[in-house]
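Please keep the model open in your viewer and follow the stops below in order, making each selection before reading what is there.

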Amino acid sequence: MDTVAGTERTKGHLDALLLALLASGPQHGYGVIAELRDRSEGELDLPEGTVYPALHRLERAGLLESTWAPGTTRRRRVYSLTAAGWTALSAERHEWARFSTAVGSVLSGVASA
Amino acid sequence: MSDAIDDYLDELAGRAHPGGARFRRVLAEAEEHLRESAASLRRAGMDEGSAACEAVSRFGPVEPLVAEARPSATVWAADAVRAAWLLGSTGLAAVGLSGVLAWALQAVAGARFVAGDTNGVTYTTARCADFLEYYPHAGSCSAAAALHHADEVVMYRVLAGVLGLVGLLAYLWWGRSRTGHQRVLPAVTVPAVAAAAFLLAAVALLLSSLGLALGERVHGEAWSGIGSPLSGGVVSLVAAVLAGLLVLRRVPRRTPWAEASRGA
């Protein structure tokens, strides 16, 4: 994947990706970005610092909550989904399924009746 | 010795607005992330300097974090209200003090000195009767008018002072109950504005007193009505000096990042 295009594409879906990554349990920012890279096998990559403004924005929107927790060398901010976050994730998954099906249909040349 | 991570954090601290909760959180998260990333890279075989550089490179430019660390408009507005409240309350308290001083001047030099009318001021018979009804022992219409005006000067100013004290008490209570309130205005803001405002008031009021004194001398009358602006001018001057001293104490001499770069 072209690096710039890939980064921009990832940023476009960053909120949904962060919600999905945190669905597996509370995580701090470094863990979130590491898991994003692992789960996508390196395909989804972006400057690591950009994840924090996104996490803060989702927290202000009430989709995440966070708390300080002791880390290996210093305390770290750990994020987790709120009830509203779970609802938003469910909606994002549904929306993505519809969108990817539609795009897949167009790209594969299947015409709807 | 500073490394690439320290340099990055110094740049973030230097470009973001320091002091707010957002700033502290962004800085703490960035440092934690960068240190953990560098440690992971060292475990993978990189030397310390290269690991720090690579961690910074992966973290990306500082701009998104600088924007995130910037206090919101709500935080700015809340701090501006706090500062305005403190300034307003302090101003009213100073007005109250000038009322007390006017009362003392009245006791020493008489009501005419504090609020006597200047030459040429006359009252209707009905108005004189009103003054003399309240101050039957004044002896004359002008003396009764001076007593009336002086009492008004003292009473209204002291009432303003009581309001200012209530405002200051409310400010203190608010400050103690809202420990999470973010201070985004520089600490020097309130004393600097207060010093400027009090100095302007002092100059205007003292010049007004001087004008009254010189004007009355020309006409050969006792100094009439000088005490009112004089009391305000004296209190304003003292308040301006005190606020100026606070400004000198609060002017930042060294910033944390200047210290850090000096020590590096």
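Begin with the whole assembly, which is a predicted model and for which the predictor reports an ipTM of 0.80 together with a pTM of 0.63. Then select chain B and colour by pLDDT: the average over this chain is 86, and 88% of its residues score at least 70. Within chain B, the highest confidence belongs to α10(B), with a mean of 94, while the lowest is found in helix α11 (residues 256–263), with a mean of 48. Select next residues 260–264 of chain B, where pLDDT stays under 50 and where the model has 3 contacts beyond four places in sequence. Where pLDDT is low, the predicted coordinates should not be read in detail.

Now move to the largest pocket, which holds about 470 Å³ of space. The pocket is lined by 22 residues, and those closest to its centre are B:L86, B:A187, B:V190, B:P191 and B:R250. To see the helices involved, show α5 (73–109), α9 (189–218) and α10 (227–250) of chain B, each of which supplies at least two residues of the lining. Colouring the lining by residue class gives 16 nonpolar, 3 polar and 3 charged residues.

For the last stop, select B:R70, in the loop that lies between α4 (63–69) and α5 of chain B.

Definitions and conventions. Residues are numbered from 1 along each chain as its sequence is written. Chains are lettered from A and ligands numbered from 1 in the order in which they are written. This is a predicted model: local features need pLDDT of at least 70, side-chain atom pairs count only at pLDDT 80 or more; totals for chains, interfaces and linings use all residues. Side-chain values use heavy atoms; hydrogens and water are left out. On a 1 Å grid over the protein atoms alone, a cavity is a set of points where a 1.4 Å probe fits but cannot get out, and a pocket is an open set with protein on both sides within 12 Å along at least five of seven lines; lining residues have an atom within 4 Å of a point. Grid points are joined across faces, edges and corners, and a volume is the space filled by probe spheres set on the points. Helices (H or I, at least four residues) and strands (E, at least two) are DSSP runs, numbered from the N terminus. Ala, Val, Leu, Ile, Met, Phe, Trp, Tyr, Cys and Pro count as nonpolar, Asp, Glu, Lys and Arg as charged, and the others, Gly among them, as polar. pLDDT is the predictor's confidence in each residue, from 0 to 100. Contact means heavy atoms within 4.5 Å.
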